[in-house]
Number of protein chains: 2
Amino acid sequence: MTRKKPDASEASTERLALYTAASRAAGIRLTPQRLEIFRVLAATESHPDAEAVHRAVQRVMPTVSRDTVYRTLWRLHDMGLVATLGPSRDRVRFDTNVGPHHHLVCLGCGLVQDFVSATLDGLALPPGVSQWGRVYDTQVEARGLCLACLKAGRATRETTQEKASDER
Amino acid sequence: MTRKKPDASEASTERLALYTAASRAAGIRLTPQRLEIFRVLAATESHPDAEAVHRAVQRVMPTVSRDTVYRTLWRLHDMGLVATLGPSRDRVRFDTNVGPHHHLVCLGCGLVQDFVSATLDGLALPPGVSQWGRVYDTQVEARGLCLACLKAGRATRETTQEKASDER
DNA sequence: CTCTATGCAAAAGCTTTGCACGCCA
DNA sequence: TGGCGTGCAAAGCTTTTGCATAGAG
């Protein structure tokens, strides 16, 4: 029998193996708490916040604390095994540009630069998307390092909650 | 003489006019505080957070309070005159999908759905981008309303800090 | 003159940190 | 056994809210 979608539990097992392997390689201890957090993360297909992960973990292991969840999440993040949604993890930032435009996000300093591109404005999405709902606009988010951060040799994946101070 | 880039101060004036016109149309009072906040926002080409706006406003009008800045920002946001960076304004959310994929963001409930598209994975960016730095990956963020929110007649621009409860 | 907007201060979240104890390697 | 990791509790931040007063229309 052919399988249409690559069974989610397969991906889950694979991800779990990835987490444990990477942890071992990095010399990070595989405590039961971490293993359970790994399991929850590996199984999720959504984009949970720390509290959602904590709740899910607590269903199986009620003594796990919030801090451990946070610490584990950021550790995986530092290892590049999970990402965060949106350009930055800190406070809300506003965009006064209402017209169509796209973003260059610097992973080093957190600065976001606008750019325009007529080609990217009217991007065609795959047909399946219409089953999700109605899309009003699409925006491209390109992530990398700006020249200053490249020269400073700043790491791509730094925690970077420093300045990125705005408003000249 | 030809002008290469459309003078920033032009766009600024234009935006300021937009803010005041929209406010008047919505019956929102044009207090000096709001006008100053409008001026700051209209002039910025970056993506300031609330505090950056507050600092900039205070340089001219030292008595303005943080709350007023927040309230004004969200009001403009509700009118669709400023946007926020990233899919949601609330807490940090994590993405366990490390492979190339794109996001469908529902403006109604805040849920983010992944989708894949080989065409979108290797998007060509405009040549000018190379002067910004080095781009490691690009992701498309499509914003709209999911079926559930469409049926519920939920507004596109609602403040929406409700559930969007994750984890199945 | 009415009714909205402002400022202040306190509350409310979410997230991080210091510290002593416990447990993996 | 030596250190890293965990829990707890408290601190830190950003953002929101209640309320009395001031000011726009």
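How are H3(A) and H4(A) oriented to each other?

1. This is a predicted model, in which local features need pLDDT of at least 70, side-chain atom pairs count only at pLDDT 80 or more, and totals for chains, interfaces and linings use all residues. Residues are numbered from 1 along each chain as its sequence is written, chains are lettered from A in the order in which they are written, and side-chain values use heavy atoms, with hydrogens and water left out.

2. The axes of H3(A) (residues 50-60) and H4(A) come within 9 Å and cross at roughly 120°. H3(A) and H4(A) are therefore oblique to each other (angles under 35 degrees count as roughly parallel, over 145 as roughly antiparallel, 65 to 115 as roughly perpendicular and the rest as oblique).

3. In this contact (heavy atoms within 4.5 Å), Ala50(A), Val53(A) and His54(A) of H3(A) meet Arg66(A), Val69(A), Tyr70(A) and Leu73(A) of H4(A). The residues involved are five nonpolar, one polar and one charged.

4. DNA strand C is surrounded by 22 residues (near means a heavy atom within 4 Å). Tyr70(A), Arg89(A), Gln33(B), Arg34(B) and Thr68(B) are the closest. H4(A) gives the largest share of this surface, five residues.

5. Phosphate oxygens of DNA strand C lie 2.9 Å from a side-chain N or O atom of Trp74(A), 2.9 Å from a polar side-chain atom of Thr68(B) and 3.1 Å from a backbone N or O atom of Ser65(B).

Definitions and conventions
A polar contact is a pair of N or O atoms within 3.5 Å; within protein, one must be able to donate a hydrogen and the other to accept it, and residues adjacent in sequence count only if both atoms are side-chain atoms. Helices (H or I, at least four residues) and strands (E, at least two) are DSSP runs, numbered from the N terminus. Axes are lines fitted to C-alpha atoms, for helices over the stretch in contact, and angles run from 0 to 180 degrees between N-to-C directions. Ala, Val, Leu, Ile, Met, Phe, Trp, Tyr, Cys and Pro count as nonpolar, Asp, Glu, Lys and Arg as charged, and the others, Gly among them, as polar.
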